[in-house]
Each structure stands twice: as C-alpha cells, then as structure tokens.
Amino acid sequence: MAKFIVTTARKSDLTTENFAEEISKKLGGQFVRREDLSFDALKKIHGAEDILLVKKNSLSVVTSDGELFFHPNTAHLRIKNLRGGEGDRLIDALKISEGAKVLDCTLGLGSDAITESFVAGAAGKVVALEINPLIAEIVRHGLKNFSEDSPHILEAMRRVEVINADCAEFLKNCADNSFDAVYFDPMFRRPIQKSSGLNPIRPLADNRPLTEEIVREACRVAKFRVVMKEHSGSPEFARLGFKILDGGKYSSVAFGAIDNF
Ligand SMILES: C[S@@+](CC[C@H](N)C(=O)[O-])C[C@H]1O[C@@H](n2cnc3c(N)ncnc32)[C@H](O)[C@@H]1O
C-alpha cells in the first residue's frame with residue numbers, strides 16, 4: 001500500500017488530535033500535526049501519497065483524485081424502493097430475505113452491504129470485507145457514526161460488521177456453509193467511468209481480478225449462492241463459472257450466480 005499519513009483539519013481540538021493519533025497507531029501510519037500546512041505540502045514533506053483526514057465527526061482520505069468520504073449513496077434510494085415493495089437487482093440475485101447471513105467480500109463504500117443488511121434485518125448478519133485499510137476505516141467509522149438518514153437505514157448501517165481483510169485469506173478460514181450467500185463486486189475489468197459513483201475510490205481500491213481459487217472457496221463457504229457483479233458482457237462471468245442472471249436489460253452492469261454445489 002502507498003505511504004499515508006494521518007492528520008486533522010487546520011482548526012482542530014485536542015480530542016480530535018488524540019483520536020487521529022489513536023487511528024494512526026491502529027493502522028500503522030504516521031500521525032502528523034497539521035500546523036496550518038496544505039495537503040500538498042504535507043505530502044511532500046512526509047513523502048506520502050495519501051492523507052487520512054480526521055475531523056470532529058468524520059474521516060476521509062485525500063488521494064491524488066480528491067477526497068473520499070463515506071456516504072450511503074445509492075443505499076438510501078434502494079432501501080426506499082424496497083420498502084415501497086419494489087425489487088432490488090442485488091437482493092434478487094443473492095436471493096436473501098430476513099434472517100440471512102451474508103458475506104460481502106468487497107465492501108467499497110458500503111452501499112451494497114447496507115442494502116443487504118436492511119434486508120437481512122436484526123435477525124440476520126452482514127460481514128463485509130475490505131482489503132484497503134483506509135477505505136475499511138472510513139467506511140467502518142461512517143457506518144457507525146453517520147446520522148443524517150432515516151432510522152431504518154441507520155440501523156442497517158450499524159449492523160454491518162466491517163473487517164479489514166483480503167477475502168482470499170478470510171474465505172480460507174471460514175467453515176463450510178457458514179454464510180447463506182457470498183457476494184463479490186470487484187473493480188470492473190473495464191471501468192464504467194461516466195456512471196460510476198466509485199471514481200473517488202479508484203486510487204485506493206484493489207484492482208486485481210478474482211481468481212478461480214477465491215470463487216471455489218466462496219462456493220464452499222456459501223450454503224446457497226455465490227454472486228458476482230461485473231459489467232454487462234464481461235468475460236469474467238464465463239472465466240469464473242458464473243451463470244449470468246436475467247434482468248437489467250438496459251443496464252451496463254450484470255449479476256452472475258453459482259448455485260447448487
Ligand atoms: C467495486 S468496489 C465495491 C463497491 C461496493 N459493492 C459498494 O456498494 O460500494 C470494490 C472494493 O473491493 C475491494 N477489494 C478488492 N479486492 C479485494 C479483496 N481481495 N478482498 C477484500 N476487498 C477487496 C476494493 O478495494 C474496493 O474497495
């Protein structure tokens with residue numbers, strides 16, 4: 001991972017500085033007092049590529065492409081639609097309902113995990129993995145502390161368990177059939193630039209393709225279904241053995257599933 005430092009906003013208090021120092025120790029990054037310096041100056045002085053910025057109520061990462069914040073993004077509208085009796089392509093693909101146990105192997109900014117958590121409810125469980133420690137930290141913090149949304153969405157956020165891990169390693173240590181469904185939303189082989197809310201995450205995200213071994217392990221761990229999202233027409237579905245699911249005829253993304261193992 002590229003070198004990063006942890007700092008605060010220019011105007012900050014002792015509690016925030018102490019919190020920033022605590023996070024830097026946890027993540028193994030250097031804590032740097034802001035001293036009224038610009039991000040560019042801080043990066044230059046400390047030879048860092050990214051900055052984890054700690055403010056009173058939020059965490060963000062300053063990368064070469066801008067500032068990455070946690071926000072529920074599409075989860076808000078998707079949950080509203082689900083409550084209104086409409087479907088959701090991911091939920092339909094995962095075939096999950098209340099009480100489901102889901103392993104989301106690619107947390108990213110967490111919109112899919114929040115939606116899964118809403119459907120699984122308090123009786124279910126969503127464990128979400130993210131390989132990049134900075135993304136994992138800002139999303140974990142956001143899921144716990146974000147407060148500007150309806151109670152049912154906030155409750156769904158609070159229930160997501162975030163783990164900073166490589167899904168390849170995590171899956172190896174999971175028992176057979178320990179989740180109902182396992183989900184992958186890897187960075188697309190061919191990014192959809194214009195429509196993507198994911199642009200700010202690109203400099204930090206792990207871009208490696210899934211391997212056959214990861215998918216094999218997921219099939220061992222999932223009781224019912226393994227699902228992958230990719231761009232429509234992606235050769236990844238065939239390469240990894242996923243059957244492309246119907247729906248989203250006019251969409252640039254598709255879902256594939258592996259069943260009945
Ligand atoms: C396309 S984004 C996921 C978006 C997410 N579904 C959402 O709703 O925001 C892919 C994420 O998976 C992460 N990732 C890629 N490979 C991974 C791996 N082997 N283990 C865990 N996370 C991984 C990337 O760093 C990136 O943050």
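Mentor: Let's start with arginine 220, which is partly exposed at a relative accessible area of 24%. This is a predicted model, where local features need pLDDT of at least 70, side-chain atom pairs count only at pLDDT 80 or more, and totals for chains, interfaces and linings use all residues. Residues are numbered from 1 along each chain as its sequence is written, and side-chain values use heavy atoms, with hydrogens and water left out.

Trainee: Why is arginine 220 called partly exposed?

Mentor: Buried means under 20% relative accessible area and exposed over 50%, with partly exposed in between (1.4 Å probe, protein chains only). Arginine 220 has 24%, so partly exposed is the label.

Trainee: What makes arginine 220 and aspartate 176 a salt bridge?

Mentor: A salt bridge needs a side-chain nitrogen of Lys or Arg within 4 Å of a carboxyl oxygen of Asp or Glu. Here the closest N and O atoms are 2.8 Å apart, so the pair qualifies. Arginine 220 sits in helix α9 (residues 212-221) and aspartate 176 in the loop between α8 and β9 (179-184), 44 residues apart.

Trainee: Is aspartate 36 buried or exposed?

Mentor: Exposed, because aspartate 36 has a relative accessible area of 56%.

Notes. Helix = DSSP H or I, 4+ residues; strand = E, 2+ residues; numbered from the N terminus.
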